[in-house]
Every structure is written in C-alpha cells, then in structure tokens.
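The following exercises concern a single chain and are each followed by a worked solution. Please examine the sequence and the structure before reading on.

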Amino acid sequence: MVVKISNNKVVQKAANLIKKGELVAFPTETVYGLGVDALNPEAIRKIFQAKGRPSDNPLIVHIADLKDLQVLAENIPKEAYFLAEKYWPGPLTFILDRQKIVPDEITGRLETVAIRMPKNEIALNLIKLSETPIAAPSANKSGRPSPTDAETVFEDFGNEIAMILDGGKTEFGLESTVIDLSKKPFSVLRTGAISKEELEEFLREKISIASHADSKPKSPGMKYKHYAPKAELVLVIPAEAGILCFQIQKLINYYKLEKKKIGVLCRNENAKNYKNADLVISVGSIKNLKEISSNLFRTLRQFDHAKIDIILSESFPEQGIGQAIMDRLTRASSKSIANF
Ligand code: TXA
Ligand code: MG
C-alpha cells in the first residue's frame, strides 16, 4: 500500500508495523529506504529475502537521536562526534565498532556497524515513533538503481511490503557517503553527496578511499553489481572533454547499424547535439551537479521503461558530488569506453 503522508497518524501506523516486525519503505534525503526494526533478527531476515540481497552485505542502521550512537557502537572516536555535529542529520554514514546488542543479521557478522541519522522529517518521525533504530537498505530489488520516489519502490516491490510512505522525490538521489571511522586512517568506502575532500578539510587529516578493484572489499556491498538498468550501459570517457559529443555520435551511428534501440544520457547543454538516437534524456545542467545526481537513478529506469537496448552515457566532472555520480555510472555500466 502506497500512502501519501498527510499527518502523523499515517506515520504512527507505519511505526506500528515496524514494531510488529513488518517492512515499511520510507523517504530519506538520499534515496528511499526499506525499513525494519534493527533489533529484531527475524524481521531483518525478511529484508534480505524481499530484496534478494546476499546475506553478507550488511545494512545501515538509522537513528533519530545522537544518544543511540553509544547504544549501537563502541570505541567511538571523537571525530565521530565532530562529524555528527556538522553533518547529522544528513547523508553521511559512519562505520564503527559494534555493541553486542546489534544482531549479526545487520552486520553480516562483521565486528562493525553502519549508522546514520537521515535528514528527512518523515524518516526521523518514523524512527522516533517506532521506538527502535531502523535498519534500511535502499528500497530496490538487489542490483537495481535505488528508488528516488515512492512509485519506483512500488515498481520493485508492489504489495510485497506492508507499507510505502510517500514523501515525494528525494533531495540528493544518490546514497549517503560511507566513512569507516573504526580505524585510522579513516577511509571513504562509498562516495556520496559529501566528498572525501570536504571531509578531509573538515577533519584536517588525510582520508583514504577504498577502491572497487580491491580483491577484498572493505564494504561488502562494493563487490556486487549495482544500480544496473536492464539495458546495457556504456559510459563514455573521452581523452579530452571537447570530443565527448563526437565520440557518442560515432557510437550512436555504430549501434544503429546493429539495429539497437539507443538511449543517450547527457547534460542539458548537449541534448541537441545527438542525432538518430531513439531517446535522449538530459539529467540536468553541468553547472548544477546536484540536479544531475538527483535525476540519475530515475533516468536509468526511464530508459528501461522505453525498452532501450543500449544507453550511451556521458561522463561528468569528478568534483564534489560528481565523484559519486561517476562511481554509480561506472558500477551500473557493463563497459566503459575510455580514452579515445
Ligand atoms: O543513503 C543511504 O545510505 C541509503 C538510505 C536508505 O539511508 N541506504 C543505503 O543502504 O544505501 P544500502 O544497504 O543500499 O547500502 C549500504 C552500504 C553497502 O555498501 C554496505 O556494504 C555498506 O553500506 N555497509 C553496511 N554496513 C557496513 C559495515 N559494517 N562495514 C562496511 N560497509 C558496510
Ligand atoms: Mg543499495
């Protein structure tokens, strides 16, 4: 059941479902989450089943009160409090040593736990009214692009879950930045709205960044194929920015000969340059990377709705949230065509 949020009674109803061990999807400022009582192992198992998610891929626990940090984590470094004061509620997830109270089902048996405080009134109210921390992965079937509106959650789950709280489109459209604070040097395990450089500047120390190519990924989720549309996505990274449109046009011409249905994902400024593609979707102005991030996942699904075979995607500058945009596009792509 998809429910538009009209008042707190609706959120109370959702909280009652959480207390009963049911799954409830809810909006956050990043993407929609599929929520469950974080302290109820049986309920948590339902999440993995509903998503088709490997059980070694741990979940983020969402809190509404800073006091819950100590309930769930131990050996908390002072930097966690500095970061919480600056960025919470907001799109930043901490990895910390876990307290025993955190079920193995949440952490995939790791000794650490992921925690964040989302910046969304509905999410915060839901957590408060449920009187428990809420574990929530993104509310998509495993491997698919994360949902940025309630309709997309419904597209993946239909009536498989007890309730979908509809809070409209999410602000960022990409998942939170995940920073491992359990050991020094701290490291960014997943890029997001808050960049590594911004965190380094704030903490005045070097932070490393986990590479996807690591044979032993530090964040288990990184080893799985992610965010993938049904179409084949080709990310085009030209040797110099000036030839991007030319390279994509060449690829359109090539795939056209193969009788493929072709989509192009591009910035507003370039949309008119492409000829003979079946569907061109501009995700926003290059002057506004946040607009591009908020439209990205929805756009990938739009290509699927149009039954596109090949998506040719432009690449974007890897500055600030641009790093996260390129990370998601890279992981959604079946191949990157780089350095022509
Ligand atoms: O913005 C977000 O973070 C959204 C909203 C709903 O909060 N949630 C989200 O959850 O993206 P999910 O499950 O799709 O991604 C969680 C990521 C995965 O890459 C997982 O491997 C990592 O966090 N993670 C969770 N616990 C971890 C841990 N203890 N150590 C390392 N990585 C962990
Ligand atoms: Mg996810």
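**Exercise 1: The domain interface**

Domain 1 and domain 2 bury about 1700 Å² between them, 48% of it on carbon and sulfur atoms; buried area is the accessible area (1.4 Å probe) that two parts lose on being put together, summed over both. In domain 1, the residues that lose the most area to domain 2 are P145, L174 and T191, together 31% of what that side buries. The model is predicted: local features need pLDDT of at least 70 and side-chain atom pairs pLDDT 80 or more, while totals for chains, interfaces and linings use all residues. Residues are numbered from 1 along each chain as written, chains are lettered from A and ligands numbered from 1 in written order, and side-chain values use heavy atoms, without hydrogens and water.

Task: State the bounds of the two domains and how many residues of each are in contact.

Solution. Step 1: the assignment, which is automatic or from a database, gives domain 1 as 2-209 and domain 2 as 232-338. Step 2: with contact meaning heavy atoms within 4.5 Å, 23 residues of domain 1 touch 18 residues of domain 2.

**Exercise 2: Backbone exceptions**

Task: Locate the cis peptide bonds W88-P89 and K184-P185, and the positive phi of N75.

Solution. Step 1: most residues other than glycine have a negative phi, and most peptide bonds are trans. Step 2: W88 and P89 are joined by a cis bond with omega about -10 degrees, and P89 lies in the loop between α4 (78-87) and β6 (92-98). Step 3: the bond joining K184 and P185 is also cis, with omega about -10 degrees; P185 is in the loop between β10 (177-180) and β11 (187-190). Step 4: N75, not a glycine, has a phi of about 50 degrees and sits in the loop between β5 (73-74) and α4.

Methods:
Helix = DSSP H or I, 4+ residues; strand = E, 2+ residues; numbered from the N terminus.
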